[in-house]
Amino acid sequence: MPLRYGKAVNGPLNKPSYVTLIKVKSSCNSVEVTGTATKAAERHHLVFLFVGGALAAVAAVALGVAVVLHMYKRRRRCSYNYTRSPRSRKGSLGPTEEISPQLFSYDQLRRATDGFKEELGRGSFGAVYKGAIGGNGETRRLVAVKRLEKVIEEGEREFLTEMRSIGRTHHRNLVRLLGVCHEGQTRLLVYEYMSNGSLASFIFKKVDDDRPRLRWNERVRIAVDVARGILYLHQDCEPHIIHCDIKPQNILMDASRTAKICDFGLAKLLGPDQTRTFTAVRGTRGYLAPEWYKNAPISVKADVYSFGMVLLETICCRKNLDVDVPDEEMILSEWVYRCFREGQLSKLLKEEEEDGEEVEKRVLERMVKVALWCIQEEPALRPTMKMVMAMLEGNLETPIPPPPDSRES
């Protein structure tokens, strides 16, 4: 074959000599060994990947099974299986604190209240009974069971969804909802027991009632407590909640006389992007905002109106409609506005003057102005509860309010 890449050089004795450059492979054995090692490493890598993936899959399945079992056990603890016999349920009454509200049967609450024997109070939508829950070695706990007698026609799923959402609310100025019952048309709500009763029993004091009258400073503090609780419902909890039935009977007092809002049986939830809703009229006459009667959409401003009426009643220690007083004082909102316009707010606190109790006029005027803004007929004119809180605490100037009824001159 012809030689390539060669050249001639002079050798010894000037005889031509040839040098040839020949390119040859290195050791074939080393190439084969290197290729074999590479293939072995690839096989080991694949084995490691396969084993790791299998272990990860097994761990994921084990975690999923553990979560399902945990949720099943929690559900078994916080709800009752109605297919079991009454004997098997006996003594198992008691709320699970971390998953409120609990689902109760009618028979369980009937036994807890001793057949709805001791009535704590009665409102326009039902009566409240004293009861005790617990058993099987647990400490029995006093509760208040409200029996809704005028049930809003809503689906069972919607009722439970709203009650569970409300049951997850935790605030110093809200009575905790511990459980619900929904069997057929029966609706029962279980609340923590409040030893001092309702605000109504303090401010609507009867002649033969030996309960001490709430002093002025205490009434101011209670008004702020109630406003703070409503503000939490409207702004700080998810989803936002319209209570729909703010009134003195639904404001309870604990042992230290801290005011707490209760009775969420008529409450309405707002969606994430929802500010208004349409719903059937719910609430108590005398505290209902005008839009309820106009078939207009309902917003959190309906609660603001109700709070304004409660604030006026708390200031004056009387109901918003009283037929046992002079005609010009019969309708509380009109009388208060008239006294405010004429600069005679001292007429609202006759008992305080008789007892020689000091009332700071600036605080009284501020509370009256806040209440009059809250009960404006047009929802747009009413402040939000955040503004109400700021005005009550003196952190926001309260302007002069117009007449509550735009038809007034």
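This is a chat about a predicted model of one protein chain.

Biologist: What should I know about the model before I start?
Modeller: It is a predicted model in which local features need pLDDT of at least 70 and side-chain atom pairs count only at pLDDT 80 or more, while totals for chains, interfaces and linings use all residues. Residues are numbered from 1 along each chain as its sequence is written, and side-chain values use heavy atoms, leaving out hydrogens and water.

Biologist: How many helices and strands are in the chain?
Modeller: The chain has eleven helices and 14 strands. Both are DSSP runs numbered from the N terminus: helices are H or I with at least four residues, strands are E with at least two.

Biologist: And how much of the chain counts as buried?
Modeller: 44% of the 409 residues. Buried means under 20% relative accessible area, exposed means over 50%, and partly exposed is in between, with a 1.4 Å probe and protein chains only.

Biologist: How many aromatic pairs are there?
Modeller: The count is three. Rings of Phe, Tyr and Trp (its six-membered ring) pair if their centres lie within 6.5 Å; planes under 30 degrees apart are stacked, over 60 edge-to-face, and the rest tilted.

Biologist: Why is the pair of Phe116 and Tyr129 edge-to-face?
Modeller: Their planes are at 70°, so the pair counts as edge-to-face, and the ring centres are 5.4 Å apart. The pair links distant parts of the chain, 13 residues apart: Phe116 is in the loop between helix 3 (106–112) and strand 4 (119–123), and Tyr129 is in strand 5 (residues 126–133).

Biologist: Are Phe116 and Tyr129 buried or exposed?
Modeller: Both are buried. Ring pairs also link Tyr106, Phe116 and Tyr129 into a cluster.

Biologist: What lies over the face of Phe116?
Modeller: Arg147 does, at 4.8 Å from the ring centre. A charge sits over a ring if NZ of Lys or CZ of Arg is within 6 Å of the ring centre and within 35 degrees of the ring normal. Lys319 likewise lies over the face of Phe204, at 5.6 Å from the ring centre.

Biologist: Back to strand 5. Which way do strand 5 and strand 6 run?
Modeller: Strand 5 and strand 6 (residues 141–148) run antiparallel, joined by eight bridges. Two strands pair if DSSP finds at least two bridges between them. Gly131 has Val143 in strand 6 as its bridge partner.

Biologist: How many bridges does strand 6 make with strand 8?
Modeller: Six, again in the antiparallel sense, with strand 8 covering residues 186–192. Lys146 stands opposite Leu189 in strand 8.

Biologist: Change of topic. How many residues of helix 11 are buried?
Modeller: Six of the eight residues in helix 11 (residues 385–392) are buried. They are Met385, Val388, Met389, Ala390, Met391 and Leu392.

Biologist: What covers the buried residues of helix 11?
Modeller: The cover includes helix 6 (216–236), helix 7 (301–316) and helix 10 (361–374). Just after helix 11, Gly394 takes a positive phi of about 80°.

Biologist: Where does UniProt place the feature "transmembrane region"?
Modeller: The unreviewed UniProt entry has it at residues 46–69. UniProt positions use the numbering used here, feature names are shortened, and annotations may be inferred rather than shown by experiment. In the model, residues 46–69 are 100% helix and 0% strand, with the end C-alpha atoms 35 Å apart.

Notes:
Contact means heavy atoms within 4.5 Å.
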